[in-house]
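Colleague: Could we go through this model together? I would like to begin with the contacts.

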Amino acid sequence: MKKWQRLLLGLVFYGSFGFAGGGSFLMFLMVPVERWLNAMGWSQTGIDRTLAPFVYGWFVIALVVTLLYYRKALAVKPPRPRLAYGIAGASVLAAVLVFFAFLDTDLKVITSRQGSVRQVSAQATFGPYPELAEMQKLKEQGYDGVISLLHPTIPFEIVLIAREEANAQQVGIKLYHFPMLPWISDNHEARENLNKLVQSSGKRYYIHCYLGTHRTNLARQWVLEGQRDGMQTANALLPAALDRGMLLTYDNKRIVVGPFPSDDEWYLSILSTGVREVVSILDPNKPDYQPFIEKAKKICKDSALRYTSKPLDTQAPSARDVQDLAAYLRQSDQKVFVVGIRNGNWSWALDAALGGGGAPFQTPITRDKFERGE
C-alpha cells in the first residue's frame, strides 16, 4: 500500500471510529452521568466543568486507537491490506448506523434518554426535539415560535435542522436558531439571543435541543435568571387569588401565602412572578397529601427552585410551629411561596404571625356535630 493510501485509511478510521464511538459514549455514559449529577442537585455549570474533560478525553482515546490501528494494520511489513480495509470498513459501517440511529428520534434508545417537557414560565417551555406531530400540537396550543439549540457542526443535527425547517414551514410556526455546543462552549451568543427574545417579546416559545437535557437545562437556567432580574416588574403580575382560594402577601410581595395552584397557575401566576423557593406546610406523613407534595417537588426540580418542607397542622397549628415558620420566612432574602391545599386555620394563623390581621379559626361542621346540636 502506498503512503497516501495508509494516511487516507487512517483518517477514515479516525473520523468514523470517533463518531461511532463518540455517539455511544454520549448515550451510554455522558447522558446517564449528567442525569445522575443533576438529580444530586449539581448546577449545570458544575456539571459542565466535570464532564468537559471526558469530551476531550474521548478525542484522545480515538486518536490512541487510530495509532494502534495504523501500527498493527497499516505500518506492518508485509502490508495487511485486507485487515486494514476490513477494520476501516467496519468502522465506517458502525458510523453510518449510529448516524441514522440519531436521526430516528422515535428509537427506543433515544426516547429513553430524552428529558421531559417542562414549562417554567408563561413564555418558555423546554423539551426534546419536536417532530412534525409535536410541532403541530405546539401550534394548536398557541405557541408563537420554536427555538432550536441544535448546532450545524454536529453531523446528524444539520440534517435534523433541515427537517425541522421544513416541518415549521408546513405547520406555519416561526422557527428560531440559537446554536449551542454541549459541555465545551460557553455559548455566549446563544445566551444573549435567547434572553433577548424570550424576556422582551412577551410571546410563548418551545425551546429544545436534541434530547432535551443538557443544552435545554442551560437555557432554562438563563431564562430563570432573567426572570429573577425582572422580579420587581413581575410582582405586579401576581393575582389576588387562585382557583382554590386567595393569596396573601407580605414584605412588598416577597412572601406569598396561598392554596395549591393548578398546573397553569403554577407557571402563569406563581413561577412567572419570580418565586425562588416553595415552602410546603403539608405533612409528608399523611398519604392524602403525597400527590400534592410530589407535584410541588417536581415543579421545583424542573424550574430550579428550592423546595422546603415546614409542616403545619392545617386545622389547629401550634403557635410555636407558626412562629418558627414566620421567622424562617422573614430571614429569607428571596421570594417565597408558602403553599397548602386550601386556605384555612393555618393560613390565618400565619397571616397574624407575619403582621396581617389574621382571621377567626374556622371549625369544620361535621355531621356528628350538626346532629348533636353543637
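Colleague: Of the contacts with a separation of 6 or more, what share is between residues 24 or more positions apart?

Modeller: That share is 74% in this protein, where contact means heavy atoms within 4.5 Å. Please note that this is a predicted model, in which local features need pLDDT of at least 70 and side-chain atom pairs count only at pLDDT 80 or more, while totals for chains, interfaces and linings use all residues. Residues are numbered from 1 along each chain as its sequence is written, and side-chain values use heavy atoms, leaving out hydrogens and water.

Colleague: How many salt bridges are there?

Modeller: The count is five, a salt bridge being a side-chain nitrogen of Lys or Arg within 4 Å of a carboxyl oxygen of Asp or Glu. One of them joins Arg 215 and Glu 157, with the closest N and O atoms 2.6 Å apart. This pair links distant parts of the chain, since Arg 215 is in helix H8 and Glu 157 in helix H6, 58 residues apart. Helices (H or I, at least four residues) and strands (E, at least two) are DSSP runs, numbered from the N terminus.

Colleague: Is Glu 157 buried or exposed?

Modeller: Glu 157 is buried, at a relative accessible area of 1%. Arg 215 also counts as buried, at 6%. Buried means under 20% relative accessible area, exposed over 50%, and partly exposed in between (1.4 Å probe, protein chains only).

Colleague: And which residue forms a salt bridge with Asp 263?

Modeller: The partner is Lys 295, with the closest N and O atoms 2.9 Å apart. Asp 263 lies in helix H10 and Lys 295 in helix H11, so the pair ties together parts that are 32 residues apart in sequence. Asp 263 is partly exposed at 42%, and Lys 295 is partly exposed at 30%.

Colleague: What about Glu 265: which helix holds it?

Modeller: Glu 265 is found in helix H10, residues 263-270. Glu 265 is buried yet has no salt bridge; the nearest side chain of opposite charge, Arg 244, is 5.8 Å away. For charge, Lys and Arg count as positive and Asp and Glu as negative, while His and the chain ends are not counted.

Colleague: What lies 2.9 Å from a polar atom of the Glu 265 side chain, then?

Modeller: The backbone nitrogen of Ser 262 does. Leaving aside residues up to four places away in sequence, Glu 265 touches Leu 242, Asp 243 and Ile 270.

Colleague: Changing topic, which residues of H7 are buried?

Modeller: They are Ala 190, Leu 194, Asn 195, Leu 197 and Val 198. H7 is followed by Gly 202, whose phi is positive, near 75°.

Methods
A polar contact is a pair of N or O atoms within 3.5 Å; within protein, one must be able to donate a hydrogen and the other to accept it, and residues adjacent in sequence count only if both atoms are side-chain atoms.
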